[in-house]
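Hi,

Here is the structure I said I would pass on. Please open it first, then read the notes below.

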Amino acid sequence: MTDWTGVLSLDLEERKGKTVAKNVYFQGALKVMRPIYHDNSGQVCYYLLNPGGGYLDGDRYKMEISANEGAMVTLTTQSATKVYKTPKSLAYQETTISLKKGSYLEYLPDPLIAYENARYKQKNVIHMENGASFLYTDILTPGWSPSGGKFSYDTVQLVTEIYLDGNLGMFDHIKLTPNNQNLSGLGFMEGYTHLGSMVAVSEKTDNALLDELYETIQMEDADFKIGISRLAIPGFSIRILANSTQLIERIFNNCHKIISEKWTNHTPSSLRKY
Amino acid sequence: MTSKILSLFQLCDSNFPTGAFSHSFGLESYIQEDKVHDQESFFEWLKVYLHEQLIYSDGLACRLAYEALIEEDLQKVWKLDRLLTVQNLPRETREGTQMIGKRMLQLTNTLYEMPVLSLYKEEIKNKNSFGHPAIVFSMVAHGLEVSKSEAIQYYLYSAISSQVQNAVRAIPLGQTAGQTISHKFIPEITSAVDHIMQLTEEDFGIVSPGIELSQMNHERVNIRIFMS
């Protein structure tokens, strides 16, 4: 018995230079497609999908993912996460990721689109051993409403906690409630419509990497704002305010390539969506 | 007014050398971009800074730390110290706050015989804690038996007042304009305290994306008068 709408668990390990699943389990409205190896690096890529096509009133999703020593993993989604109106109770997604030392996991989901009157809460909890590396991005769109109005959702709340060797090392809490906040205004979205966040944790982080990322991002010739800063633990976070998903994706793809090459000696393939 | 409240006022005074006045917490980025350029635009910025960032971090932490001190739950206090530090993603504001916290602790530990202050120092020395002014302030307020809501109120007043002084120097604004802002801002502080009393722990650490981004951005500002 469970009150989850969809459950997914995925345990990964390295076998002879190739990352494979030790355990794959899913039930309800969460599914993972067959593993894909984009090249001969041994890094595995899993596409997560929601067969229901979107999150509905009161939906609850739970994902548990682990990577053993040496496992190299890409997790992404097949398409944007859509949250429809939630008149009774919010849609909720909880993800727990556990990384052993020497593993690398990147979780790069498609953007979140919250429809009119939608309430959504997401909680990501990452447990890392020292020596593991983790990369995460998310993109918040202004949502969707039949009238074309922006920010017509009720609440979008994203909580991310990263523990390093058992100690909380990073805590991020975004909660946007357009009815109570002047979302497009000063201090919030500063006139932009899309918010992108990236967080990366690895003992391989250094200032040279941040400078390189910053310079690469500055070469982008479009209207956006960006902040990049080191965390209290070895790692950094990036925030981007922009007016389109495509721009944030392009910036993140460029950053992803640099980070992946530096940290894993591996040039990532583009994450083709089927 | 009791002498206890006067004692707490000493911590809010701009002469209290914690280094708080060297930090603009992202305000300087807004001034350089000309988004904050006069009394009105600064007032708007200050409202967002207080109601959308400060209450969910320092403000709520003040309250929770005070409550934990009543319960004698020091583990909870150390947990709040860590949360406050690691939720502060922009490096300059995080490290700046930590410096202010440590200096405030150093000073208050000299002024008061409060065992909890020495314990906090020990935690920091052992690298289990980081040091944060909201925690130190709550410890002193609790030790002086100043009420919880008054403690939060004075803490916020002190944070806001130092930002007003920063704005007077950096925008720049006249001294009278600065005092007018401080005066007009008092109802905002009162309503922020009411709001904090109604929050839950689940609300901790909510950030305002633009303010946070400007705090990160300050690292890349070349000409600066503030450390954050």
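Pro109(A) has a relative accessible area of 15%, so it counts as buried, the cut-off being under 20%. Bear in mind that this is a predicted model. The residue sits in a loop of chain A, between strand S9 (104–108) and strand S10 (112–114). Leaving aside residues up to four places away in sequence, Pro109(A) touches Thr76(A), Thr77(A), Tyr136(A) and Thr137(A). Take Thr77(A) from that list. Pro109(A) and Thr77(A) are 32 residues apart in sequence, yet their C-alpha atoms are 5.0 Å apart in space.

Now chain A as a whole. Its secondary structure comes to two helices and 17 strands. The radius of gyration is 18 Å, close to the 19 Å that the globule rule gives for 274 residues, so chain A is as compact as a globular protein of that length. Along the principal axes, the C-alpha trace of chain A spans about 55 × 50 × 35 Å. Of the 274 residues in chain A, 57% are buried. Take the contacts in chain A between residues at least 6 apart in sequence: 73% of them join residues at least 24 apart. The accessible surface of chain A is about 11100 Å², and carbon and sulfur atoms hold 46% of that. On charge, chain A has 27 positive and 30 negative, with mean positions 6 Å apart.

Chain B next. How many helices and strands does chain B have? There are ten helices and one strand. From the N terminus on, the order of elements in chain B is α-α-α-α-α-α-α-α-α-β-α. The radius of gyration of chain B is 17 Å, which agrees with the value near 17 Å for a compact globule with 228 residues. The C-alpha atoms of chain B fill a box of roughly 45 × 40 × 35 Å along the principal axes. Buried residues come to 61% of the 228 in chain B. Among contacts in chain B with a separation of 6 or more, 80% are between residues 24 or more positions apart. Chain B has an accessible surface of about 9600 Å², 50% of which belongs to carbon and sulfur atoms. Chain B carries 19 positive and 28 negative charges, and their mean positions are 7 Å apart.

One residue to look at in chain B is Ala192(B), in helix H9 (residues 175–198). Is Ala192(B) buried or exposed? Its relative accessibility is 0%, so Ala192(B) counts as buried. Not counting residues up to four places away in sequence, Ala192(B) touches Leu50(B), His51(B), Ile55(B) and Leu156(B). Leu60(B) is 132 residues from Ala192(B) along the chain, and the C-alpha atoms of the two are separated by 10 Å.

Last, the interface. 33 residues of chain A are in contact with 32 residues of chain B. The area buried between chain A and chain B is about 2800 Å², with 58% of it from carbon and sulfur atoms. Which three residues supply more than any other three of the area that chain A buries against chain B? They are Phe171(A), His173(A) and Leu186(A), which supply 21%.

Over to you.

Best wishes

Terms used: Residues numbered from 1 in each chain as written. Chains lettered and ligands numbered in written order. Predicted model: local features only at pLDDT ≥ 70, side-chain atom pairs only at ≥ 80, totals over all residues. Heavy atoms only, no water. Helix = DSSP H or I, 4+ residues; strand = E, 2+ residues; numbered from the N terminus. Rg over C-alpha atoms; globule rule 2.2 N^0.38 Å. Buried < 20%, exposed > 50% of the residue type's maximum accessible area, 1.4 Å probe, protein only. Contact = heavy atoms within 4.5 Å. Areas by Shrake-Rupley, 256 points an atom, 1.4 Å probe, with all protein chains shown as cover. Lys, Arg positive; Asp, Glu negative; His and termini not counted. Charge placed at Lys NZ, Arg CZ, Asp CG, Glu CD. Buried area = accessible area lost by both parts, 1.4 Å probe.
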